Amino acid sequence: PTVIFQLPDGTERKVTAASGTVLMQAAVAHAVEGIVAECGGNASCATCHVYVDATQADLVGPPNDVEDEMLDFTAAERRPTSRLSCQVQLSDALDGLVVHVPEEQV
Ligand code: FES
């Protein structure tokens, strides 16, 4: 699937990754700015925070319990569509996913 990262400065990064890839890993592999991922994907740093596009929130689904707690510690404000990108697994159903990278992660 292909994912579009919208950066705070208005630019867009299009990344294609294999189905099953974790969204955070796809971002890091393509050096997408603003996905810091300090903890390496353990849902314990909240520096891989993204806002799923509102039109696709249902498709992506809600955070798991651990993630939900960690989302209270994001540097940028938490919103209803906030997710930790290390907890989102890509699938063909998510082809065309748009996520917004917040202004700050730490
Ligand atoms: Fe640390 Fe996602 S990489 S919470």
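**Entry 1: ground rules**

Two strands pair if DSSP finds at least two bridges between them. I took strands as DSSP runs (E, at least two residues), numbered from the N terminus. I am working with a predicted model, where local features need pLDDT of at least 70 and side-chain atom pairs count only at pLDDT 80 or more, while totals for chains, interfaces and linings use all residues. My residue numbers start from 1 along each chain as its sequence is written.

**Entry 2: confidence**

I looked up pLDDT, the predictor's confidence in each residue on a scale from 0 to 100. The protein has a mean of 98, and 100% of its residues reach 70 or more. I also noted ipTM 0.99 and pTM 0.97 for the model.

I traced an open sheet of five strands in the order 2-1-5-3-4, and its pairing is mixed. Strand 2 (12-16) and strand 4 (82-84) are at the edges with a single partner strand each, so one side of each has no neighbour in the sheet. From one strand to the next, the twist averages 35°, taken between lines fitted to C-alpha atoms, with angles from 0 to 180 degrees between N-to-C directions.

**Entry 3: strand 1 and its partners**

I followed strand 1 (residues 2-6) to strand 5 (residues 97-100) and found parallel pairing over four bridges. Phe5 has Val99 as its bridge partner in strand 5. With strand 2, strand 1 runs antiparallel, joined by five bridges. There I saw Gln6 opposite Glu12 of strand 2. Five residues separate these two strands in a hairpin, and Gly10 in the turn has a positive phi of about 95°.

**Entry 4: Val52**

I then moved to Val52, which lies in strand 3 (residues 49-52). Val52 counts as buried because 24 other C-beta atoms lie within 10 Å. For contacts I used C-beta atoms, placed from the backbone, within 7 Å. Beyond its neighbours within four places in sequence, Val52 touches Ala57, Val60, Thr81, Arg83 and Val99 by that test. I also checked Ser82: 30 residues from Val52 in sequence, but 6.3 Å away in space, C-alpha to C-alpha.

Technical notes. Buried ≥ 20, exposed ≤ 12 C-beta atoms within 10 Å, placed from the backbone. Contact = placed C-beta atoms within 7 Å.
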